[in-house]
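Here is a short report on how the chains of this assembly meet. Look over the sequence and the model before reading on.

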Amino acid sequence: MRFLTLRVPKAWVTPLGVTGTVIAAIWIFVAFTAPLYLPYDPLAQDLPRLQEPGIDTLMGTDALGRDMFSRLLSGASVTIPLAMLLVAVSMLFGTVVGAIAGFFGKWFDEVLMRFTDLVMAFPTVILAMVIAASLGPSLWNAVIAAVVVSWPQYARMTRSLVLSLRTQNYVTAGRLLGFSPAKSLRVDIAPNIVGPILVLATLDIGTAILLLSGLSFLGLGAQPPTAEWGSMISAAMQNFDSWWIGVFPGLAILTVVMAFNFIGDSLRDIFDPTSALSRTEVNA
Amino acid sequence: MSDVALSIRDLTIAIGDRKAPKQIVGGISLDLRAGRIQGLAGESGSGKTVSSLAVLGLLPANAVVGGSMRLGETELIGLPLRELRAIRGRRVAMIFQDPSSSLHPQIRVGAQLTDHVRRHLGYDKKKARAHAIELLERVQVPGAEEALSRYPHQFSGGQRQRIAIAIALACDPDVLLADEPTTALDVTVQAGILQLLRDLAIERRLAVLLVTHDLGVMSAIADDVAVMRFGRIVEAASREQLFTAPQHEYTRELLAALPGAQGAKGEPT
Amino acid sequence: MGETTPVARRYPARSPLAGYLLRRLGTSILLLFGVTIVTFALTNLVPGNPIAAALGEGAASNPATVAAYVEKYGLDQPLPVQYATYVGNLFQGDMGTSLHTRQPVTEDLLKAVPATVEVALGSIVVSLAVGVALGSIAAYRRGRISDQVVRVISLVGLSVPTFWMALTSFNLFFLQLGIAPGSGRLSPIYAPPPHVTGLYTVDTLLAGQWESFVDAMAHLMLPVFVLSLFTIGLLTRFVRTSVLEVLDADYVRAGRAKGLSGPRMLFGYVLRGASLPILTIVGLAFGALLSGTVLVEAVFAWPGLGTYAYESSTSLDLPGIMGVGLVVGVIYLVINFIVDMLYGVLDPRVRLG
């Protein structure tokens, strides 16, 4: 396995990888700067209701007279940072759990993996729904629910990576030299895990966005009047004729998630040896 | 002199991307004669396996093959795929190194023995089945009839290779290519397989190409031996000649590396 | 001699398949209890007044109702006893009363399950067919344009927010274009068929109601289409990877060396070799499908678990939500067990030892 290098690997510069990076960069920029240039206040209900998209309101207005375009931009600054935070937390927690289970084995492995299995025994949205409902509908509770259902995949992956690396010669050499488990993990194992975990995390940002907006759609995430893409689409259920209420937020979700999936897929080509782009090995 | 079943002339093989293909084989010539075993020896990387794969067109898509390989009247290089498929398994057959991976783990032995027979020879189910039993008996796999409905993993390594040989013989080919047929097997079992190959070659007038790095195996059954190095043949002679009076220095090195050779020279390797 | 004992004379071993299945069954049962523990823990996690959450604000202000509830569910007992009571109630089929339908949750769920099974089965069949086809094409044409196109299709499928797709396609195909039938499982002019399996498509066929069958199929199409987008994306990717691995395998090369080609090669050798990993992904895909139903059914007014979950979550009907969580968890467990079973059956090494 290769160490993570700082130079952009050539395999990333594919149409897919570049498209994804550009779109994701735009959205992240919007997410962090949107509040600075919203055309209207996303919460103000003073515009004419249910207006079709026009010059004044690029994406129309909803049933309460709010500007959809502003709400869309505002929604980006809600969902995207939260999704990234959520993924970071799940990744950290899951990776640590997996590393402990894989490195120390035996008892740790049994207990920790049982927890992992238990969470993975439920389909994700269902479990997240149940947790979010129990905690009470709010955006932060939805985030917590999402973290709970997301960490196990990191644990599983890390564990299997650590298990396969643990027996490598250089790791054993390190232990013999007197490395503490922590140092061994940090110096010998961590660099080789970063790649696949990073791929997983990138793809997971898309999943997190879908999950958060899904929970909000179900009424369990962002609460009114917060502008969140999922809840905006839910509102569209009551106003079938006003197509602009549902279509734009959905397109927003689609493009962001697609961008991260494109990036993640390109990263996967770099880090995952089994999806090698060309196989010309010959055993003469 | 026996007839030449397969004639290879100036075979070149290059593999890699179109701009900078790597040359693996740089022009070799060989004849495979009916009833005789032609050995092709060399270390890994010498190009011997690649050469054997080239005969049936089993190289990766980005391989460029040059020269000539004549099977009787037919030129194999550049042959359209449809015609090549008619030859594969029918006039030229191949057995591979590891029978645990070259037999499909999820298909019964009987089916693997008969699917190509039915395609090439048009036998019906009953005839193909009877034929398969005959083959298994010839290669000395016990309990032939029950064996048909068993899976490869239920046999030992040696038996699996015998099954692979039976599959190769099924359509009565003229040429048999054997790529390291005993390398993956226990030493105790190797002799039996080699003997089987030799008997079959004589009995069925098969032209056999035996590819292996193991000169011990070579000395056991090959009639003629060609030594390959870096994609070229450095020496080709009959077995007696090669093993008693090797001409090329590389051949002598290989022979010296054989266990038991140290005794004669008195030097540790 | 040298060779091992002839196959025919080996001792007939106790069926390895049975042993494998028993072990899997054991794990499944343990997980089943785990699932109940999770839902139990979550019901107790509810901040604020859990009793109000279960009974609704109105009923919870009535001391007599509260007392009866406390006694029935043993809420004044220590936790382990509460759990035992909970499990005991589950075995008797008591999952509480739904706040939004005022019916026993168990009854509601039983009515809803067949509808979801129908759309989930339809979706898995479509997803498998399309996913295997696309994935195989991509694998065979690796690196070429068709491979890239398939890859993009798969990534887009994985990126579409299912609930939005449901809404948009319903809007587009039914309201705007009028080519898809309306919501629900049947048009209002048709009565549901006599109940045999609960799957309208099957039951209408069994009852010989040809027109109803066509109508039921038509209604199934859009929900299945929407639901399948994600799983097609998932399956395509994995099928491509699995088929690529198999195409490199020795036994495929040996098959080619025998002169085999075409369908015999594709189905008999390649896909069969990839069948085991694909089966594993099908199990995961089912999980995604079950999740998806929650987001899709409500839009189509499809009276299954998904709509029930949607109505429960938007009205904060906690017993309803817990019930759905538990039932879906169990269904998923059963699916995975079936997958394990099929695994044992498809792999002769497991089946015969």
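## Chain contacts

Between chain C and chain A there are 3 salt bridges (a side-chain nitrogen of Lys or Arg within 4 Å of a carboxyl oxygen of Asp or Glu). One salt bridge joins the side chains of C:Arg151 and A:Asp269, at 2.5 Å from N to O. Helices H1 (16-45), H7 (145-159), H8 (162-176), H10 (210-247), H12 (262-296), H13 (305-314) and H14 (318-346) of chain C each supply at least two residues of the side that touches chain A. H14(C) gives the most, with 9 residues. That side of chain C has 33 nonpolar, 9 polar and 5 charged residues.

This is a predicted model: local features need pLDDT of at least 70, side-chain atom pairs count only at pLDDT 80 or more, and totals for chains, interfaces and linings use all residues. Residues are numbered from 1 along each chain as its sequence is written, chains are lettered from A and ligands numbered from 1 in the order in which they are written, and side-chain values use heavy atoms, without hydrogens and water.

The contact takes 47 residues of chain C and 48 residues of chain A. Contact means heavy atoms within 4.5 Å. About 4200 Å² is buried between chain C and chain A, 75% of it on carbon and sulfur atoms. C:Phe163, C:Trp164 and C:Leu167 supply 15% of the area that chain C buries against chain A, more than any other three residues. Buried area is the accessible area (1.4 Å probe) that two parts lose on being put together, summed over both.

Chain C also touches chain B. Here 29 residues of chain C meet 34 residues of chain B. The rule finds 2 salt bridges across this interface. In one of them, B:Asp115 and C:Arg264 meet through their side chains at 3.5 Å, N to O. Helix H11 (250-257), H12 and helix H15 (348-352) of chain C each supply at least two residues of the side that touches chain B. H12(C) gives the most, with 7 residues. By class, this side of chain C has 12 nonpolar, 7 polar and 10 charged residues.

| Interface | Buried area | Share on carbon and sulfur atoms |
|---|---|---|
| Chain C and chain A | about 4200 Å² | 75% |
| Chain C and chain B | about 2900 Å² | 57% |

Chain A itself has 9 helices and 0 strands. Helices (H or I, at least four residues) and strands (E, at least two) are DSSP runs, numbered from the N terminus. The C-alpha trace of chain A spans about 75 × 45 × 35 Å along its principal axes.

How values were computed. Ala, Val, Leu, Ile, Met, Phe, Trp, Tyr, Cys and Pro count as nonpolar, Asp, Glu, Lys and Arg as charged, and the others, Gly among them, as polar.
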